[in-house]
Amino acid sequence: MPVVKSIKAIGHRTIDVVWRIGYASRFFALTLYYSGASFRRFHLTIKEMFASGVMSLIIILVAGMFVGMVLGLQGYETLKRYGSESALGSLVALSLVRELGPVLAALLFASRAGSAMTAEIGLMKATEQIAAMEMMAVNPIARVIGPRFWAGLISMPLLSALFSAMGVFGGYVVGVVVIGVDEGSFWSQMQSSVDFQHDVLNGVIKSFVFGVAVTAIALFEGFDAPPTAEGVSGATTRTVVESSLAILILDFILTAFMFRGD
Amino acid sequence: MTSSQALVEIRDVNFSYDSRPILKGINMTLPKGKVIAVMGGSGCGKTTLFRIIGGALKPTKGHVKIDGQVIHDLSQQGLYEMRRKMGVLFQFGALFTDMSVFDNVAFQMREHTDLPEEIIHDLVMMKLNAVGLRATHGLMPAELSGGMARRVALARTVALDPMLILYDEPFAGLDPISLSVVGNLIRKLNDALGATSVIVTHDVQESMKIVDYNYFIDSGVIVAEGTPDEIRASQMPYVRQFVNGEIDGPVPFHYPGGNYKNDLGVSA
């Protein structure tokens, strides 16, 4: 009976999804529980910050610069229609600090550092390095996962801030240096319209939440990857897809709470 | 094999994956100071037994006692304490690829002891010297040959002078020289440390040169056991087929299936 088969398939799929959510939650809880080592031996976390944060700097800075330049161009074109070119600084800064900085930096972080984390841990599992660690009485969650998790968490807001800073600089180059918007109004409008708590702090909170989501997804997918070439490749793809969706969905939820139409 | 000085006692161990039985009533006694081989064809259950001894799997029935403690009844903390006294060599070494040879060997010393770096340096050099690879301490695992990687992994395995060393297919994929070197090292390190070694392997010739006792597993049960001389002299069909590498015998050449003529569409 095809109907019974379909119902069975849906049931199996549902059980799989629920089981996986439970497993992921347990993994996340264990990561937090065994986080002590990441701080007691902070050099491990710093090493991972270099791998995930510092190594992502180039892509973050270049992307930030170009996004800012595009904002400068598009913003100028739109504002010119209303004679408000002087508000270009506000537009560039608010767009970046509130929205584009955290979201785009997180998307880039997911594809650059998140995928690398998944592939590295998946390969460590496939080559029995995780099992070897376990047999040496070293907890892999504390030794491998914890430092990477906290490194991602610390790196993400910093990368987001750098993305926004480079974006503002890009907007300045296009708006002020190339197009000729008044430099004084560019900076003063920006200064008066950007509120530290409402805009900057909320942006930092967003990037922090995105950092948790991306790093947790990347580490879980790597740890859960089947120990085969196909398994690791599938896990890496899932990391990028799931992280990107998580970032966009979380962004909507956070924006709805932070900026309720004001 | 019986001995009052048993380090590992395996009693009536059964294990199943879902409802598929893998091990059926395994009994072994592994005395202190001996090198014991567990042999059998692929899929016979020897790696499962290896994982049960290491505490990575729990038997569905029976128990494994190491140094007087039932390994699968231990808490996470207790299991980790037990594992500090064990060394495990994985099939392809499982060296940490993001660490140098030196850091790989120093790994457990840094994780489990408060020794100063100068002493760790000397200990690592001594371990690497024991496997003949002192000069490779600055290299990364990717820069080593398969045989060298296995020897570095061996140095890492004995880093904390374990009382029990488990080897999972230590001879797999090695050239004849590396094979002899690794075999020789397993024996020498075991004797030097006064440890007990368990080698899970299907390499009969190499393991027979270095072990004190052999167990043969087939379809989850021990089908033969004895010293290397007893095994060589055995007339058991399974042992003869395994030791001499005969193509057909109790382990059939053909995977069990239906009638050949039916598959070809030829009526009888």
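So, helix 9 and helix 10 of chain A: in this predicted model, their axes come within 9 Å and cross at roughly 155°. Anything over 145 counts as roughly antiparallel, so that's what we call helix 9 and helix 10 of chain A. The crossing of helix 9 past helix 10 of chain A is right-handed.

Who's touching whom? On the helix 9 side of chain A, you'll find residues including Lys206(A), Phe210(A), Ile217(A) and Glu221(A). Helix 10 of chain A answers with, among them, Arg238(A), Glu242(A), Ile247(A), Leu250(A) and Met258(A).

Okay, next pair, still in chain A. Helix 5, residues 88–126, packs against helix 8, residues 183–193, at about 50°, with the axes 7 Å apart. That angle makes helix 5 and helix 8 of chain A oblique to each other, and their crossing is right-handed. From helix 5 of chain A, the contact uses Leu88(A), Gly89(A), Ser90(A), Ala93(A) and Leu94(A). Helix 8 of chain A brings Phe186(A), Trp187(A), Gln189(A), Met190(A) and Ser193(A). Here the tally is six nonpolar, four polar and no charged.

Definitions and conventions:
Residues are numbered from 1 along each chain as its sequence is written. Chains are lettered from A and ligands numbered from 1 in the order in which they are written. This is a predicted model: local features need pLDDT of at least 70, side-chain atom pairs count only at pLDDT 80 or more; totals for chains, interfaces and linings use all residues. Axes are lines fitted to C-alpha atoms, for helices over the stretch in contact, and angles run from 0 to 180 degrees between N-to-C directions. Helices (H or I, at least four residues) and strands (E, at least two) are DSSP runs, numbered from the N terminus. Angles under 35 degrees count as roughly parallel, over 145 as roughly antiparallel, 65 to 115 as roughly perpendicular and the rest as oblique. A crossing is left-handed if the near helix is turned anticlockwise from the far one by less than a right angle, and right-handed if clockwise. Two residues are in contact if their C-beta atoms, placed from the backbone, lie within 7 Å. Ala, Val, Leu, Ile, Met, Phe, Trp, Tyr, Cys and Pro count as nonpolar, Asp, Glu, Lys and Arg as charged, and the others, Gly among them, as polar.
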